[in-house]
Amino acid sequence: MRVFVVIPAYNEASRVGDTVRAIFALGQFSPPLQVGDQEGVRVVVIDDGSEDGTADAAQFAGATVLRHAVNRGQGASLQTGTAWALEQGADCIVHFDADGQFDAADIPRAVRHLNERGVDIVLGSRMLQLSSRAEARREPESRDLTDEISPLASLGRNDALCHIPATKRYMLLPIARLVNWAFTGVWLTDAHNGFRAFSRRAAEQIVIHHDRMAHNTDIVAQIRERGISFAEMPIRVRYNRYGQGLGGGVKIVADLLVGWFL
Amino acid sequence: MHIIQIILLLFVAFAILKTVGRAVKRDVTRAQLVFWCLVWIAIAAAAIFPQWTVILANRLGVGRGSDLVLYAAVALLLYIVFRLTVRIERMDRAITKVVRHDALERDDKK
């Protein structure tokens, strides 16, 4: 199985190298991912018009780099990377952030989710909780663990995995989930989580239209429209920056509304 | 005639000239030319005969003629902003397609 990790990056020279190296450090994934694949996982970084040497840092770390001549936004970069990965014959495509907030160990877990649960898309969630057994087995040899989502996934109590800033967890995320539901009709445990894995079949069906941050809602809306099977999976997020704030959320809603008239 | 009326009429004359100029260069369609000329003529009429706006305002249930003009102007501006926003977003997406094509093309040439 050819797994491609797509990483959009804009002015991330200081972090993207470590992010790419962390993925390569996983080595060959445990079965079934290494089946007949000499190259293991391929990482493609889309340098979205950066001005700080992001492309060089990513290339030095071993990633394939595609360059946007001018900044087009995260959604545009993800679509570029996904299109390229499909061209290269990807069987599975994972969207991953460049800023080092995601855990590379979640990539093989997501791919296993796709294979074992028979779904076409896995969406990362900061709000789902790993069962204590899975969490205990997570370190240090956790790459191929079979995780179990707690049947009573305790929303907002994922302290073991993520240290979500309080204003984000209790104010912004509930609103974002509601807005996401209003626009897509899909009620997810998390909103605007950039970690997701697609089977080839799903990646071929979904085309990201929103260039900026509204792409997340765009993807979920298309999942529903096309009836693509999906599952959420708990992931670990380490916050080294706040990310989307209230202003960003307002822009997303504005982009979504404008998108109706295109 | 008050100074404000003269200023408004001069502005309308300038705007009509610019609109016609744009139409000659085919930057605007004939329908857009007619629409904008009607808008400018309506503004000129309101400047010359302000009492007309009062009559119209009273018919519509708005207190003063100037209020009616203001409401109409705000509504028109909002509509124009909306049209421009949609057009900019369309252009944005077109630019993205070009940038994406370029990024993928450059990779092919490596």
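User: Hi! Where does α6(A) bend, and by how much?

Analyst: α6(A) bends by about 40° at A:Leu172, and a proline, A:Pro174, follows within four residues. The bend is the angle between axes fitted to the seven residues ending there and the seven starting there. This is a predicted model, where local features need pLDDT of at least 70, side-chain atom pairs count only at pLDDT 80 or more, and totals for chains, interfaces and linings use all residues. Residues are numbered from 1 along each chain as its sequence is written, while chains are lettered from A and ligands numbered from 1 in the order in which they are written.

User: Thanks! Which residues of α6(A) are buried?

Analyst: A:Leu172, A:Leu173, A:Ala176, A:Asn180 and A:Thr184. Buried means 20 or more other C-beta atoms within 10 Å of a residue's own, with C-beta atoms placed from the backbone (exposed is 12 or fewer, partly exposed in between).

User: And what covers them?

Analyst: The cover includes α8 (215–226) and α9 (246–259) of chain A. Helices are DSSP runs (H or I, at least four residues), as are strands (E, at least two), numbered from the N terminus.

User: What follows α6(A)?

Analyst: A:Gly185, with a positive phi near 80°.

User: How many helices and strands does chain A have?

Analyst: Nine helices and seven strands. Of its 262 residues, 48% count as buried.

User: Switching to chain B: at what angle do α3 and α4 pack?

Analyst: Helix α3 (residues 50–60) and helix α4 (residues 65–109) of chain B pack at about 80°, with their axes 7 Å apart. Axes are lines fitted to C-alpha atoms, for helices over the stretch in contact, and angles run from 0 to 180 degrees between N-to-C directions.

Definitions and conventions:
Contact = placed C-beta atoms within 7 Å.
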